[in-house]
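Subject: Structure handover

Hi,

Here is the structure I promised to pass on. Please open it first, then read my notes alongside it.

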Amino acid sequence: MLAYILRRLIMIPFLLLGVASVSFLLSQMTKGDPLAALVPERMMSNPDIVNAVKAQWGLDQPLPVRYVIYLGNLVQGDLGTSFSTRRPVATDIAERLPATLELVVAAMIIGTVMGLALGLLSARFRGTLFDSVARIFALIGSSLPIFWSGLILLYLFSVRISFVPGTGRLPPRVTAPPDVTGFYTVDALIAGNIPLFLQALSHLALPAFVLGWAVTGVITRLVRSSLIEGLSLDYARTARAKGAPERTVLVKHALPNAMIPLLTILGFTFAYLITGAVLTEAIFSWPGIGSYAVRAAASLDYPAIGGVTIVGSVAFLLANLLTDIAYAWANPRIKVH
Amino acid sequence: MTAPLLDLRDLRIEFQNADGVRAEALRGVDLSVNPGEVLGIVGESGSGKSIAMMAFLQLLPKGARVTGSAKFRGEELIGMAPARIRRIRGKAIGCIFQDPLSAFNPVLRIGDQIAEAIRLHDRTVSRRAALKEAVDLFEMVAIPQPERRVHQYPHEFSGGMRQRAMIAMALANRPELVIADEPTTALDVTVQAQILDLLADLRRDLGIGLVMITHDLGVVAGIADRIAVMYGGRIVERGPTDAIFYDTAHPYTAGLIGAVPTIDGGGQLRQIDGTPPSIFGRPPGCSFHPRCPRAAAPCRTDDPDLRPAGGSRCACHFPLVPAGAAG
């Protein structure tokens, strides 16, 4: 097992090299001109300024040279300098990644707990009113666009009834807790600052729920269908023939089997949300990777786009690795070598 | 004569398909099993042999309507409350299923699955004690290295060992009746013989009643005291094993016997032409008549009742042995 994990970890840099190369080439092939992001429009006609800017950002070098420089920097952990923030992309991302991770982790917890509970209950009481309600709730979560459900919930719970505060990670003019994990909720607890923890938690609650609702939908349907399938299989009949009551058949026999497909979806969803929480971040002014990516793409900020791509790829590769490990743990028929 | 352990009277099962069409899968079955007796139930797929047993254990999917009577130790099982029949399932009646690979839960250790069977009926037994019990059961069914084996998963067992483990699980609570549904069908021929020997030994040592469901007359020939042959949801012949083999009355039974390979027989195996009828398209009259070499006019219209014939009882207008008092 350990050898397998090591081998997979060794593979990651090579896969990243591929990702970096493709993303570099793709960004070169786009029609947009990065100079537009760097040079104010009225100075575009001044060749001296344009050439100076080109030289400053290395845009005067031929493509292969730029590629080699890019990869060389990448190996040293240098993702380049953002055209628009004029700061190292790595610094930008390091600052924003914890916000996204906190949001995504919270959403995954909400989605997994609600999805498992609803999936279990609707499989147990399939065909009843509860089953229908749970399935509709799941369907809405997974099909409503977040820009809509997010706005509606924000309006209802923040504007109309002030159940939760507005957007952002903390109220304005409140200082973030000392940085340990980058998760404001966790850091506030570490600092022993309970009021700050509650503030951070109440800011996190709504965006995490909106994102978690979408996850709930996917998980509920998967869990429900895997469980119902499991209940019709031979091993379930065996359990009943042993005298097991139906809920034991469901929880002790069908559920462990349903965990196998669930783990795959969880890993994939988590990785996807690292860069896919864009809409939630935009609506709730959440200073994460998603909103950074949108801004980078809109302003043709190639270094930033490349940086986000790399971060997203690392998230996918690590999530895949963790999924495979969890999969082997949940499914005794899988042996990793 | 002692009171039967299991007594089925006019057991019927009706299914409804997705279009609302109703069909009778079991059409009035009378059977009994005495304590310590082995009853073989023989028939092709779809003859109703397995669902007859699953029906009174209430293990059929929802939508199956079961009527008639099934008394176990004098207690009616049809319509029994789920909580009560659960205390009988796996306790007084054990089940062995056809394919032990799919019948075990693939993600749970075999020992834990056997321990569960014990603890479901006696919460006072600790997990550890139940696992110890599983080791003893493994010894009883001759699984080598039982201490190590109980910690393994189903896929780590060979087919024969898996079926031994399945038998161990069925016997976990010392049942009075064991229902073995095609226990050897998924196994190699040599392993089949070993499992049959094991079942015969256990039955003799423990004095359990055993119902052996199979499509292969050869499987029950050496072990069953009595045999019931089923076709199209009914019993077409039943009687003592010797009478079934040496005094065969029903043409269908004769066909099944002809299809059993023998070592000295040589020549070609005889097959029964045609296929068994679907429960949604059963022919009128005797359901075997389209495939029967002796079929005549009454067979196409009248479904015959079980009547004494030779040493057994047979549902046929033209039995192979003269009708007579027996059964």
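Start with chain A. From the N terminus on, its elements run α-α-α-α-α-α-α-α-α-α-α-α-α-α. That is 14 helices and zero strands. Helices (H or I, at least four residues) and strands (E, at least two) are DSSP runs, numbered from the N terminus.

Some ground rules. This is a predicted model, where local features need pLDDT of at least 70 and side-chain atom pairs count only at pLDDT 80 or more, while totals for chains, interfaces and linings use all residues. Residues are numbered from 1 along each chain as its sequence is written, and chains are lettered from A and ligands numbered from 1 in the order in which they are written.

**Chain A overall**

The C-alpha trace of chain A spans about 85 × 55 × 40 Å along its principal axes. Of its 337 residues, 38% count as buried. Buried means that 20 or more other C-beta atoms lie within 10 Å of the residue's own; exposed means 12 or fewer, and partly exposed is in between, with C-beta atoms placed from the backbone. Now the contacts in chain A with a separation of 6 or more: 69% of them join residues 24 or more positions apart. Two residues are in contact if their C-beta atoms, placed from the backbone, lie within 7 Å.

UniProt, in an unreviewed entry, lists residues 97-323 of chain A as "domain: ABC transmembrane type-1". UniProt positions are given in the numbering used here, and annotations may be inferred rather than shown by experiment. That span is 79% helix and 0% strand, and its end C-alpha atoms lie 21 Å apart.

The unreviewed entry also gives "transmembrane region" for several stretches of chain A, including 204-223 and 262-284. Residues 204-223 are 100% helix, with end C-alpha atoms 26 Å apart. Residues 262-284 are 91% helix, with end C-alpha atoms 29 Å apart.

**A bent helix**

Look at α9(A). It has 38 residues, yet its end C-alpha atoms are only 45 Å apart. A straight helix would reach 56 Å at 1.5 Å a residue. The expected span is 1.5 Å times one less than the number of residues. Where does α9(A) bend? The bend is at A:Ala205, by about 35°, and the proline A:Pro207 follows within four residues. The bend is the angle between axes fitted to the seven residues ending at a residue and the seven starting there.

**The core**

The largest nonpolar core has 162 residues. Such a core is a set of buried Ala, Val, Leu, Ile, Met, Phe, Trp, Tyr and Cys residues joined through C-beta atoms within 7 Å. Among those with the most contacts inside it are A:Leu103, B:Ile114 and B:Val229. Helix α9 of chain A gives the most to this core, with 16 residues. B:Val229 touches B:Val42, B:Ile235 and B:Leu256, among others, not counting residues up to four places away in sequence.

**Two loop residues and one helix residue**

Most residues other than glycine have a negative phi. A:Arg173 has phi near 65°, a positive value. A:Arg173 sits in the loop between α7 and α8 of chain A. It is exposed, because 5 other C-beta atoms lie within 10 Å. A:Ser285 also has a positive phi, about 45°. Its loop joins α12 and α13 of chain A. A:Ser285 is partly exposed, with 13 other C-beta atoms within 10 Å.

A:Leu322 lies in helix α14 of chain A. Its count of 16 C-beta neighbours inside 10 Å makes it partly exposed. The C-alpha atoms of A:Leu322 and A:Ala271 are 11 Å apart, though 51 residues separate them along the chain.

**Chain B**

UniProt's unreviewed entry lists residues 8-257 of chain B as "domain: ABC transporter". This stretch is 38% helix and 26% strand.

Is α7(B) enclosed or open? Eleven of its twelve residues are buried, so it is largely enclosed by the rest of the structure. Its cover includes β6, α3 and α8 of chain B. α7(B) reaches 17 Å, close to the expected 16 Å.

**Where the chains meet**

The contact takes 23 residues from chain B and 17 residues from chain A. On the chain B side, α2, α3 and α4 each supply at least two residues.

Best wishes
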